[in-house]
Amino acid sequence: AGTSEGQVICSKLMFLMDGMDSVMKARTYYALGCFYGSSGSLKKSKAYLETARNLLQDADDDSDSSVRDIADIEIKLNCSNASSDVDSLQSRYEETLAKSGRETTLTIDAGVALAKALHSSDRHIEAEKLLANLIATSRRVHGQDHHCTKSAATALQGLTNELLEDPSSTDSEFGDIDGWFKSI
């Protein structure tokens with residue numbers, strides 16, 4: 001779904017939440033937070049994720065899935081709070097990888113956050129390689145239509161589009177091939 005189509009879906013979800021129990025509301029807020037996080041609206045994403053976490057904590061539901069959901073939300077919140085700090089996100093990705101393994105949604109989401117920070121820090125090749133690996137893993141384990149696969153693919157597409165639109169943002173110190181040939 002494109003961003004405008006996704007926003008229509010989000011509006012419909014908000015409308016339907018009145019009849020939901022608190023756990024279902026929390027899962028819906030979580031989905032909204034993930035959508036807005038992947039579309040670049042970090043403030044909106046953080047607000048929805050915090051609401052989801054609070055609803056789950058207030059629900060007194062100690063099931064494994066709720067505990068896992070809260071942990072997932074905490075990772076997403078910490079990633080969005082430190083989105084420009086590559087070292088922090090690198091540590092979080094490595095910790096999640098060690099604790100959860102390469103194939104979990106937590107690890108893939110942490111990897112996408114790291115890749116976005118790498119890209120923002122002009123480390124485009126590292127970001128592209130990481131995203132390509134995350135996409136391959138997510139596609140193999142979770143399938144083409146899973147939110148992790150789509151999130152990683154969208155991030156890679158955004159990175160590629162941005163680099164194509166602004167050739168001066170590439171890693172080349174000369175900016176174009178003619179300048180490179182003239183320098184040698």
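Helices here are DSSP runs of H or I with at least four residues, strands are runs of E with at least two, and both are numbered from the N terminus. This is a predicted model, in which local features need pLDDT of at least 70 and side-chain atom pairs count only at pLDDT 80 or more, while totals for chains, interfaces and linings use all residues. Residues are numbered from 1 along each chain as its sequence is written, and side-chain values use heavy atoms, with hydrogens and water left out.

**The overall picture**

The protein has 9 helices and 0 strands, so a walk along the sequence reads α-α-α-α-α-α-α-α-α. Of its 184 residues, 35% are buried (under 20% relative accessible area with a 1.4 Å probe, counting protein chains only; exposed is over 50% and partly exposed is in between). The exposed surface comes to about 10700 Å², with carbon and sulfur atoms supplying 51% of it; the areas come from the Shrake-Rupley method with a 1.4 Å probe, and for residues only the protein chains shown count as cover. Contact means heavy atoms within 4.5 Å. Among contacts between residues at least 6 apart in sequence, 52% join residues at least 24 apart.

**Helix H6 and its two partners**

Two packed helices are described by the angle between their axes and the distance between the axes. Axes are lines fitted to C-alpha atoms, for helices over the stretch in contact, and angles run from 0 to 180 degrees between N-to-C directions.

| Pair | Angle | Axis distance |
|---|---|---|
| H5 and H6 | about 160° | 9 Å |
| H6 and H7 | about 160° | 8 Å |

H5 and H6 are therefore roughly antiparallel, and so are H6 and H7 (angles over 145 degrees count as roughly antiparallel, under 35 as roughly parallel, 65 to 115 as roughly perpendicular and the rest as oblique). The crossing of H5 and H6 is left-handed, as is that of H6 and H7; this means that the near helix is turned anticlockwise from the far one by less than a right angle, whereas clockwise would be right-handed.

On the H6 and H7 side, the contact includes Thr105, Ile108 and Gly111 of H6 and His124, Glu126 and Ala127 of H7.

How many of the 16 residues of H6 are buried? The count is 13, so H6 is largely enclosed by the rest of the structure. Its end C-alpha atoms are 23 Å apart, which agrees with the 22 Å that its 16 residues should span at 1.5 Å a residue; the expected span is 1.5 Å times one less than the number of residues.

H7 covers residues 124-142 and reaches 26 Å from its first C-alpha to its last, close to the expected 27 Å. Its buried residues include His124, Ala127, Leu130 and Leu131.

Glu126 is also found in H7, and at 39% relative accessibility it counts as partly exposed. Glu126 and Ala115 are 11 residues apart in sequence, with 7.4 Å between their C-alpha atoms.

Over in H5 lies Ser91, which counts as partly exposed at 35% relative accessibility.
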